[in-house]
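Morning, everyone. Please have the structure open on your screens while I talk.

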Amino acid sequence: MDLKHEKHAVINPGNMCPPFGAVMAFLGIKGSMPLVHGSQGCSTYMRFQLTRHFREPVNIASSSLNESTVVYGGEENLLKALNTVEDQYGPDVIGVLSGCLTETIGDDLELIVKKYRERVSSEIVTVQTPGFKGTHIEGYDTAVYSILRDLTEVGEPGGSINVIPGILSPADTFEIRRIFEEMGAMPLMITDNSESLDEPFTGETFFITENGTDINEIRNAAGSMATISFSENDAGKFLERRYGVNDTVTGLPVGLERTDRLLDRISEISGLEAPPTLMRERGRLIDAMIDSHQYTYGRRVAIFADPAYALSMASAVLEMGMVPSAVFTGASSPDLHRIMALLQERYGFKATVKDKADIFDLELHLRKRPADLLIGNSYCSRVAHKFGIPLFRMGFPVYDRVGAQRIVLAGYRGGINFVDSLTNIILQFYYDQDGYERRD
């Protein structure tokens with residue numbers, strides 16, 4: 001069932017802007033500095049959102065456009081910003097992103113940067129990210145495509161596997177990389193935020209990312225054995241089209257079946273078998289589902305998340321015997337409807353499915369079809385409180401709890417954490433202190 005009604009405004013949006021997603025991609029590259037060609041407020045807002053979610057200092061440069069530059073063009077401001085970033089920070093790569101103002105006035109990023117590129121040692125990648133068109137999902141995908149377009153070189157074939165994860169929590173990125181390494185495979189994460197947005201405290205001060213994927217590794221992406229993407233994107237298709245590197249979309253590996261699918265694909269590419277350690281983790285996940293099925297079976301779940309997470313959450317709760325009654329995302333996602341239709345046919349349930357939704361759409365749905373549990377980010381907390389249902393916090397942003405960067409859902413280990421955490425929320429909310437379900 002698709003939710004359709006005429007909309008004239010967005011109320012409590014469920015997405016961020018494209019430049020924000022592009023910034024997330026560059027923060028997964030070692031020695032990277034994102035530079036937003038736009039007003040100071042754009043980069044300030046992004047720093048605010050990223051810092052309160054990840055609890056890490058985040059540097060985002062700005063060309064600081066003002067009223068006069070909107071009229072006469074922002075070329076001079078961008079050249080000054082590039083010079084300042086190069087002189088003060090000396091990054092390996094500068095990601096120059098357009099914004100609402102620059103796209104509106106028509107500044108040509110590539111033409112402006114071309115005048116500067118030959119004078120500096122930093123790699124400069126330009127990304128067209130009009131803030132008024134699309135969401136952070138498209139911004140991230142466009143940035144990864146631009147990074148590969150500008151940095152990838154033809155080289156010797158290697159034994160690595162490209163992984164295009166999309167916007168994940170650092171803990172999920174780390175867990176996915178660990179799965180590859182447990183199997184003996186070499187993942188090339190494009191890009192890797194597992195440590196750059198979850199830095200250990202050392203007492204040292206730094207202004208650009210000290211961890212993440214090295215640009216020299218990215219240059220070699222054309223020599224990898226294959227690419228695994230967790231959602232449809234232009235970057236994987238680019239590597240396949242230009243360099244013949246096969247791209248497979250597996251879906252985000254959350255839950256039993258989707259993690260199995262990832263391991264199967266790694267085995268097909270590398271010829272390596274899953275080791276006993278991973279198989280024991282798989283068995284523990286099944287055991288966790290058995291332990292909690294009496295509390296989760298039949299519970300109705302509403303989900304509001306980015307497309308990759310929304311689909312993986314729907315698949316995971318179905319494995320737990322729950323029913324995803326609503327699956328919403330703020331981004332555009334044809335795959336959401338297609339894959340949810342397959343799941344509904346397979347499991348025999350009906351769900352309301354909507355992309356390009358806002359959180360008010362979720363509220364309208366819950367008025368008509370109540371749920372027992374809501375999965376979403378911190379912006380969903382008011383809706384959960386209004387309808388008296390518990391909220392499992394995940395996705396971005398999570399600002400009313402600490403540890404968002406350590407929320408792990410991917411892989412068998414992440415699946416165990418998800419099953420335990422979700423079940424404990426149900427126990428806390430629906431059962432009394434003696435362990436009996438409340439009937440009131």
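Predicted model: local features only at pLDDT ≥ 70, side-chain atom pairs only at ≥ 80, totals over all residues.

Let's start with the largest pocket. The space in it comes to about 670 Å³. Its lining is made up of 33 residues. Look for Phe 230, Ser 231, Leu 311, Asp 335 and Ile 339, which lie nearest the centre. Which helix gives the most? Helix 14 does, with 7 residues.

Now the second largest pocket. Its volume is about 380 Å³. Here 21 residues form the lining, and Glu 56, Pro 57, Glu 199, Phe 206 and Ile 208 are the closest to the centre. By class, that lining splits into 10 nonpolar, 7 polar and 4 charged residues.

Back to helix 14. Helix 14 has 14 residues. From first C-alpha to last, helix 14 reaches 20 Å, close to the 20 Å expected at 1.5 Å a residue.

Which residues of helix 14 are buried? They are Leu 336, Ile 339, Met 340, Leu 343 and Gln 344. Look down the helix axis: these buried residues fall within an arc of 145 degrees, so they line one face of helix 14. Here is the general rule to remember. An α-helix has 3.6 residues a turn, so residues three or four places apart point the same way.

What do the buried residues of helix 14 pack against? Their partners are helix 11, helix 13, strand 10 (323-328) and strand 11 (352-354). Now turn to the face that points away from the buried side. There you find the exposed residues Pro 334, Leu 342, Glu 345 and Arg 346. After helix 14 comes Gly 348, with a positive phi near 70 degrees.

Last stop: Gly 255. Find Gly 255 in the loop between strand 8 (247-249) and helix 11. Is Gly 255 buried or exposed? Gly 255 has a relative accessible area of 2%, so it counts as buried, the cut-off being under 20%. Leaving out residues up to four places away in sequence, Gly 255 touches Leu 285, Ala 316 and Glu 319. Compare Ile 228: Gly 255 and Ile 228 are 27 residues apart in sequence, and their C-alpha atoms are 18 Å apart in space.

Conventions: Residues numbered from 1 in each chain as written. Heavy atoms only, no water. 1 Å grid on protein atoms, 1.4 Å probe; cavity = no way out; pocket = protein on both sides within 12 Å on 5 of 7 lines; lining within 4 Å. Points joined across faces, edges and corners; volume = space filled by probe spheres on them. Helix = DSSP H or I, 4+ residues; strand = E, 2+ residues; numbered from the N terminus. Nonpolar A, V, L, I, M, F, W, Y, C, P; charged D, E, K, R; others polar. Expected span 1.5 Å × (residues − 1). Buried < 20%, exposed > 50% of the residue type's maximum accessible area, 1.4 Å probe, protein only. Arc of directions from axis to C-beta. Contact = heavy atoms within 4.5 Å.
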